[in-house]
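Reader: I have a model open and want to go through it piece by piece. Can you take some quick questions?

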Amino acid sequence: MKRTALFPGSFDPFTAGHLNILKRALTMFDEVVVAVGINQDKRGFFSNEKRIEIIRQATAGMENVRVIEYSNLTIDTCRAMGINHIVRGVRNMIDFETERSIADANRRLAPQIETIIIPTAQEFAHISSTAVRDILKHNGDASLFLPENVKI
């Protein structure tokens, strides 16, 4: 039986830290579905199409990765796809507390779906999508914080 996990997020943009979490999740699962969350009430820095393009650039050649977009509850996407694991990355204790609260709520709503929280490797812990967006807004070079083969 194929073990698949959903790696949801806004990924605005997908960073080297996100790629690190994805690669580590692939050591535990046969396939990881990167799910770009669509929030109609929120305007992102990048369009949904651009976010997906960036993720596809970052994961080029990784056959066991799929990229989708979704606009419903994460657990509903898992149910619809027959996925029982959610992967989330954390950089620090603040991230951990937030992710734990979400995981607890998800577990109440869908006890069969388990959340796996993976701490970001130390060399990526300082990278956030917010910082990358700020660098890009000011025409800075964000390439140190993005996966190697990503061109923005």
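Reader: What covers the buried residues of α2?

Author: The cover includes α1, β2 (31-37) and β3 (65-70). Helices (H or I, at least four residues) and strands (E, at least two) are DSSP runs numbered from the N terminus. Buried means under 20% relative accessible area, exposed over 50%, and partly exposed in between, with a 1.4 Å probe and protein chains only.

Reader: Before I go on, what are the ground rules?

Author: This is a predicted model, where local features need pLDDT of at least 70 and side-chain atom pairs count only at pLDDT 80 or more, while totals for chains, interfaces and linings use all residues. Residues are numbered from 1 along each chain as its sequence is written, and side-chain values use heavy atoms, with hydrogens and water left out.

Reader: Fine. Which residues of α2 are buried?

Author: R51, I52, I54, I55, Q57 and A58.

Reader: And in α4?

Author: D95, E99, A103 and N106 are buried there. Seen down the axis, the buried residues of α4 fall within an arc of 60 degrees (taken from the directions from the helix axis to the C-beta atoms), so they line one face of the helix. In general, an α-helix has 3.6 residues a turn, so residues three or four places apart point the same way.

Reader: What do the buried residues of α4 pack against?

Author: They pack against α3, β4 and β5 (114-119), where contact means heavy atoms within 4.5 Å. On the other side of α4, M93, I94 and R108 are exposed.

Reader: New topic. How much space lies in the largest pocket?

Author: About 1,200 Å³. On a 1 Å grid over the protein atoms alone, a pocket is an open set of points where a 1.4 Å probe fits, with protein on both sides within 12 Å along at least five of seven lines; lining residues have an atom within 4 Å of a point. The volume is the space filled by probe spheres set on the points, which are joined across faces, edges and corners.

Reader: How many residues line the largest pocket, and which lie nearest its centre?

Author: There are 47 in the lining, with P8, G9, S10, F11 and R88 nearest the centre. The largest share, eight residues, comes from α4.

Reader: How much space lies in the second largest pocket?

Author: About 190 Å³. Its lining includes A16, L19, K23, F124 and E148, and α1 gives the most, with four residues.

Reader: Is I21 buried or exposed?

Author: I21, in helix α1, is buried, at 2% relative accessibility. Not counting residues up to four places away in sequence, I21 touches F7, V87, G89, I118, P119 and T120.

Reader: Now the backbone. Where is there a cis peptide bond?

Author: It joins D12 and P13, with omega about 5 degrees. P13 is in the loop between β1 and α1. F11, in the loop between β1 and α1, has a positive phi of about 50 degrees although it is not a glycine. Most residues other than glycine have a negative phi, and most peptide bonds are trans.

Reader: Is F11 buried or exposed?

Author: Buried, with a relative accessible area of 2%. N139 also has a positive phi, about 60 degrees, but N139 is exposed at 73% relative accessibility and sits in the segment after α5.
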